[in-house]
Structure formats: C-alpha cells, structure tokens
Amino acid sequence: MDTLLQQIINGLVLGSMYALVALGYTMVYGIINLINFAHGEVLMVGALTSWTVLRLLADSGLPGWLMLLISLIAAIVVCSALNYAIEKIAYKPLRNAPRLAPLITAMGMSLLLQTLAMIIWQPSTKPYPILLPNEPFLIGGAVINLTQILILVTTAVVLFALMYLVNRTKLGRAMRATAENPRVAALMGVRPDHVISATFIIGAALAALAGVMYAANYGTVQHTM
C-alpha cells in the first residue's frame, strides 16, 4: 500500500509537469492546427535560463525561494520572446502553405534550438541547485517534499487560471473564435495574428514553468531534456 501511494504521488508530480507542457501544445494546435515540435526545446531553454540566472545569483545572499522566483520570471520572459520570434519568423510565413511545410519547419526549429543550446550552454548535464527545504513529509507511509507540494499546488492554480482565461475573458473568447474559424472571427473584429501571438506566448510561459519545475524536482538540466 505504501508503494502504491508513493507511485500515485510520483505520478501526480510528473503528470503536473506534463500537463503544463501538453497545454502549450494543444493551445497552439487548436488555434492554427500546427504541432509545434519546438515546444519541448522552449521548455529546455526555460530550464537552462533559470539555471544561468541562479548561477549569477549564487553569491547574492538572497533566500532560495526568491532566487527561484527571479529565475522563473527570467525563464518566462526569455521563453515568451523566443516563442514569439519563432511564430513570426518560422510559422507565420507558412500559415497558408501545404500542411507538410510547417510540420518540417517545426522539426527544423527543434533541431536548431537544441544545437544552439548545445553551443551556448555546452553539451553536458548540469546540476540544478536545491533552493527549497528538502525535508520529507510522510503521508501514509509515502514521502513527498516541499518542492513536489509546490509543483502540485502551482499546477492546480495555473490550470484554474487558464480555464478562467479561456472561458471568461475577452482574449479567451477571441481564442475560441479564432480556433473555430479565423476568417469569420476577423470579420467580427478579432485580430487573428494577435490572438495567435498571444497563444504562443502563453504556451511558452507554461513551458518555462514546467521546465523550472522539472529542473527543481530532478536536480539536472541539459540541452536534450
């Protein structure tokens, strides 16, 4: 029974990170029917950006939770800018092209980002610092730490906020309209280009959050993560 409960906790923690990644994929696919193969690399860039910021703050004397928060904000900014640039440079010119062209372009962007990350950060596995208290909590014989609790809580909050955004806000209505029919949405005053860019930025922020979560939980980052 203890083993079952432990595996349930492990599955929830890993599934929370996968959920954030999957949301980025599905939002982009729902808007422009494109599988963004470079989305995983955006996650990787977020994790490596966070690791870089933490190295710069290592001797700052700031508390661990604040350093983690600063590195997360930096990761979200970098990933959002990166995904925005990818959409404008690589995907937008091919929006009306045959389906195979953007698919191949997405795969090419994935390989390009991996190669650039290998050049910038070197092709080696890097240890991610432990910034939060690591004392385990016992739940019915299973073990969970503060980082894993934070992952579960943060994911729940983000999923609720995203559901509110899509169903209750003007941007969310514009997203749903664009996903349904971008031409008709444009006739109704929606600006599809802005909606698509916003979707890529939100997806990138979710990927950056998942990347930092993964790094904090497993303690390593690398260019093929």
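**Entry 1: Trp 121**

I looked up Trp 121 in this predicted model and found it in helix 4, which covers residues 100-121. Helices here are DSSP runs of H or I with at least four residues, strands are runs of E with at least two, and both are numbered from the N terminus. I noted a relative accessible area of 17% for Trp 121, so this residue is buried. The cut-offs are under 20% relative accessible area for buried, over 50% for exposed, and partly exposed in between, with a 1.4 Å probe and protein chains only.

Next I listed the contacts of Trp 121, leaving aside neighbours within four places in sequence: Val 45, Leu 48, Thr 49, Trp 51, Thr 52 and Lys 126. Contact means heavy atoms within 4.5 Å. I also looked up Leu 111, which is 10 residues from Trp 121 along the chain; their C-alpha atoms are separated by 15 Å.

**Entry 2: how to read the model**

I wrote down that residues are numbered from 1 along each chain as its sequence is written, and that side-chain values use heavy atoms, with hydrogens and water left out. Because the model is predicted, local features need pLDDT of at least 70 and side-chain atom pairs count only at pLDDT 80 or more, while totals for chains, interfaces and linings use all residues.

pLDDT is the predictor's confidence in each residue, from 0 to 100. I found an average of 90 for the protein, with 100% of the residues scoring at least 70. Confidence is lowest in strand 2 (residues 137-139), with a mean of 83, and highest in helix 2 (residues 39-56), at 94.

**Entry 3: Ser 71**

I found Ser 71 in helix 3, residues 64-91. Its relative accessible area is 0%, so Ser 71 is buried. Apart from neighbours within four places in sequence, Ser 71 is in contact with Ser 50, Val 53, Leu 54 and Tyr 128.

**Entry 4: Thr 147**

Thr 147 lies in helix 5, residues 146-168. I read 12% relative accessibility for Thr 147, so it counts as buried. With neighbours within four places in sequence left aside, the contacts of Thr 147 are Leu 132, Ala 216 and Asn 217.

**Entry 5: Asp 193**

I placed Asp 193 in helix 8, residues 192-218. Asp 193 has a relative accessible area of 31%, so it is partly exposed. Not counting residues up to four places away in sequence, Asp 193 touches Lys 88, Lys 92 and Arg 95. I also checked Asn 10, 183 residues from Asp 193 along the chain, and their C-alpha atoms are separated by 39 Å.

**Entry 6: the whole protein**

I recorded 8 helices and 4 strands, in the order α-α-α-α-β-β-β-α-α-α-α-β along the sequence. The radius of gyration is 19 Å, close to the 17 Å that the globule rule gives for 225 residues, so the protein is as compact as a globular protein of that length. This radius is taken over C-alpha atoms, and the rule is 2.2 Å times the number of residues to the power 0.38. The C-alpha atoms fill a box of roughly 55 × 40 × 35 Å, taken along the principal axes.

I noted that buried residues make up 40% of the 225 residues. Of the contacts with a separation of 6 or more, 75% are between residues 24 or more positions apart.
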